[in-house]
Amino acid sequence: MVSAPNLDEHDYVRGGETQTAVKILVVGHFAVGKTTLIGSISEIEPLSTEETMTQAAEEVDDLKGVQGKTTTTVAMDFGRLTISDRVVLYLFGTPGQQRFVQMWEDMARGALGALILVDPERLADSFPVIDLIEHYGLDYAIAVNHFDGAPLRDEAALREALDLLDDTPVVTCDARDEKSSAAALTTLVRHLLDHTR
Ligand SMILES: Nc1nc2c(ncn2[C@@H]2O[C@H](COP(=O)(O)OP(=O)(O)OP(=O)(O)O)[C@@H](O)[C@H]2O)c(=O)[nH]1
Ligand SMILES: [Mg+2]
């Protein structure tokens, strides 16, 4: 008789092999590139809940620098990325508009950590995001989304501006680029593993 593998509630089984599913939150302020990042990296067709923004939204949402943006996430993004034989990331992207922020707490439940996307041109918009993630008790890494033409601050200045702990990872990425987005997530997962060991 074949004995059942030892599984706990966090294990996810596929193709007879045991893989550990890790829930990761992808967060950031409005229009920072969360949906773009999950779309660029997911190995399954990402679930997205984009709705067209109305003219009324123009007055509420700051579209500076992202004038081409016509849709916004109204519920969540979901994607999956296998990063090794044993580890599968389940990526949950939050909606960025302020009025949906109460959903974040539910989405944060069960997450091992968060990738916080930051636009170097709108640093102040990231302060409340970082506060919330710390309030939920989630460990995180900062991914600075490199919008074209935006000057990249040096890391020390950015750390100081965001008041980060010395061991919080900071990486730059282009959310549109698969490799770059994967590198940001891998940095986060390494950091999380270091902390949970
Ligand atoms: N130039 C440039 N544009 C980017 C980059 N990342 C995202 N964008 C664009 O910026 C816009 C916003 O991206 P989204 O992925 O919708 O941002 P979001 O954070 O999911 O937005 P909300 O869900 O509305 O909060 C889109 O038009 C993207 O094509 C980047 O690195 N460079
Ligand atoms: Mg979005």
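1. A nonpolar core is taken here as a set of buried Ala, Val, Leu, Ile, Met, Phe, Trp, Tyr and Cys residues joined through C-beta atoms within 7 Å. The model is predicted, and the points below should be read with that in mind.

2. By that definition, the largest nonpolar core of the model holds 41 residues. Ile 24, Val 26, Leu 115, Ile 116 and Ala 143 have the most contacts inside this core. Two or more core residues come from each of the strands β2 (17-27), β6 (87-93), β7 (113-118) and β8 (139-145), and likewise from the helices α1, α3 (103-108), α4 (127-135) and α6 (178-196). In soluble globular proteins, nonpolar side chains tend to be buried together.

3. The protein chain as a whole has six helices and nine strands. Of its 197 residues, 31% count as buried. Among contacts with a separation of 6 or more, 69% are between residues 24 or more positions apart.

4. Ligand 1 has 22 residues around it, of which Thr 35, Thr 36, Thr 72, Thr 73 and Gly 96 come nearest. The shell around ligand 1 consists of seven nonpolar, ten polar and five charged residues.

5. Both α1 (34-41) and β4 (71-73) supply at least two residues of that shell.

Definitions and conventions. Residues are numbered from 1 along each chain as its sequence is written. Chains are lettered from A and ligands numbered from 1 in the order in which they are written. This is a predicted model: local features need pLDDT of at least 70, side-chain atom pairs count only at pLDDT 80 or more; totals for chains, interfaces and linings use all residues. A residue is near a molecule or strand if its C-beta atom, placed from the backbone, lies within 6 Å of it. Helices (H or I, at least four residues) and strands (E, at least two) are DSSP runs, numbered from the N terminus. Ala, Val, Leu, Ile, Met, Phe, Trp, Tyr, Cys and Pro count as nonpolar, Asp, Glu, Lys and Arg as charged, and the others, Gly among them, as polar. A residue is buried if 20 or more other C-beta atoms lie within 10 Å of its own, exposed if 12 or fewer, and partly exposed in between; C-beta atoms are placed from the backbone. Two residues are in contact if their C-beta atoms, placed from the backbone, lie within 7 Å.
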